[in-house]
Amino acid sequence: MKITDLKCAIMGGTPIIRITTDAGIDGYGQAEFYKSYLKPHVLYYREMIIGLDPTNVEAVMQRIRRMGAFKPWGAAVSAIEIALWDIAGKAANLPVYKLLGGKVRDKVRTYITTNRYPMPLQTPAEYVENVQKIQGWSEGFTLFKQPISFHSPMAITTPNYSYGERRNWGVHSNRGVLTRQGLNHTVACVQAMREALPDTIELALDCGPGFLPQDALRFAQACEPFQLRWLEDMLSGDYAPFVTADQYRDVKTRTSTPLHTGEQMYLRQNFMELIEKRAVDVIGPDPLDVGGIAELKWITEYADLHGIAMAPHGTGNGVFGLAALVQVCATLPDNFIAFEYPKANLPWWYDIVDGLPDQIVKDSYVDVWDRPGLGVTFRVNAAKKYLEAEDKAFFE
Ligand SMILES: [Mg+2]
């Protein structure tokens, strides 16, 4: 079998990847729905993979993997990897999890990121009201991750939150030394949420990046009574093109609150220092940024050897990203906690694909499906109407 084309269309803001073959089998992947600018980056790899056998996934990846980088520049490579697995599974008439070593669980646990309702004042009462609304959702999520501090508007809207200037540069651009007031306000919001939630719901926080280690330590220690699942990305993280393993380790060894990072990281090699130094308690690569699902599995196995847990990122990954997460997470060792559930950015996504159950998440779990490949495919006729004019030939 040979690859005949690599295409990319932007649907609902989302880059969708389609790889076609001379056997008539195609495979799909996608990048996060806020990365529409990646289309030319995806197509950059086209000439490098045409003519290769897509079922030799690793051989194809060797051609392109070296041409990627930390978030967002690993997303195109990652989406291609997932489309290759989709083809390999369809060609073998097996679900992708079988090709990754087989499943060790029949249902996969998910968690939900909870910044879903406006919180203009960023007060404890707003934080409580927000998580209580999510408690009412039909998916029955049992692990919530709340953005807070530098990973939320709090750092901008709360007077005297930290030293330094407030930046409105988009994605997580504030950093600096927290004031006493800023630290206490953040802790008050955590305490209020934790007291409002039952013991059956665990709470994690997405915090940064932006803390200095001394503030990260003070915050992590202040959170110890709340028994949080993890604190994410306090030092480096989302959109930081580097890792600060030694600084994470300084904090980690002095608090019982678990630390988490890794969503922006690309490739196994970049996880080595973090894992070998046991610098955090949980890592959370995103299959759509790290280099794909086989890459994510390798990293998870290596983390498990070092006593580090795994909770993959995925909030913007859409329906094909969900399929990829379900397939790989079914195969991960026992250090797996839960993956971040990608809710589609627009409701019509669920009307243009086949393969998803009517109720995808039940009691926080997704049942692993057994259809070939990723197990999710387009209803082409229904999907066509969401193509932009320049992408009209995407399904041809
Ligand atoms: Mg995060």
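Q: How far apart do the C-alpha centres of domain 1 and domain 2 lie?
A: In this predicted model, the domain assignment gives domain 1 as 3–93 + 378–391 and domain 2 as 99–374. The distance between the C-alpha centres of these two domains is 26 Å.

Q: How many residues of domain 2 are in contact with domain 1?
A: A contact here requires C-beta atoms, placed from the backbone, to lie within 7 Å. On the domain 1 side, 36 residues take part, and their partners in domain 2 number 31.

Q: Which element supplies the largest share of the side of domain 1 that touches domain 2?
A: Strand E3 (26–30), helix H4 (75–92) and helix H15 (380–384) each give at least two residues to that side. The largest share is twelve residues, and the element that supplies them is H4.

Q: How many residues on the side of domain 1 that touches domain 2 are charged?
A: That side has 36 residues in contact with domain 2. By class, 18 are nonpolar, eleven are polar, and the charged ones number seven.

Q: What is the handedness of the crossing of H9 and H10?
A: Helix H9 spans residues 213–222 and helix H10 spans residues 245–252. Their axes come within 9 Å and cross at roughly 35°. The crossing is right-handed.

Q: Which residues of H10 meet H9, and how many residues of the contact are nonpolar?
A: From H9, the residues involved are Pro 213, Ala 216, Leu 217 and Ala 220. Their partners in H10 are Gln 247, Asp 250 and Val 251.

Methods:
Residues are numbered from 1 along each chain as its sequence is written. This is a predicted model: local features need pLDDT of at least 70, side-chain atom pairs count only at pLDDT 80 or more; totals for chains, interfaces and linings use all residues. Axes are lines fitted to C-alpha atoms, for helices over the stretch in contact, and angles run from 0 to 180 degrees between N-to-C directions. Helices (H or I, at least four residues) and strands (E, at least two) are DSSP runs, numbered from the N terminus. A crossing is left-handed if the near helix is turned anticlockwise from the far one by less than a right angle, and right-handed if clockwise. Two residues are in contact if their C-beta atoms, placed from the backbone, lie within 7 Å. Domain bounds come from an automatic or database domain assignment. Ala, Val, Leu, Ile, Met, Phe, Trp, Tyr, Cys and Pro count as nonpolar, Asp, Glu, Lys and Arg as charged, and the others, Gly among them, as polar.
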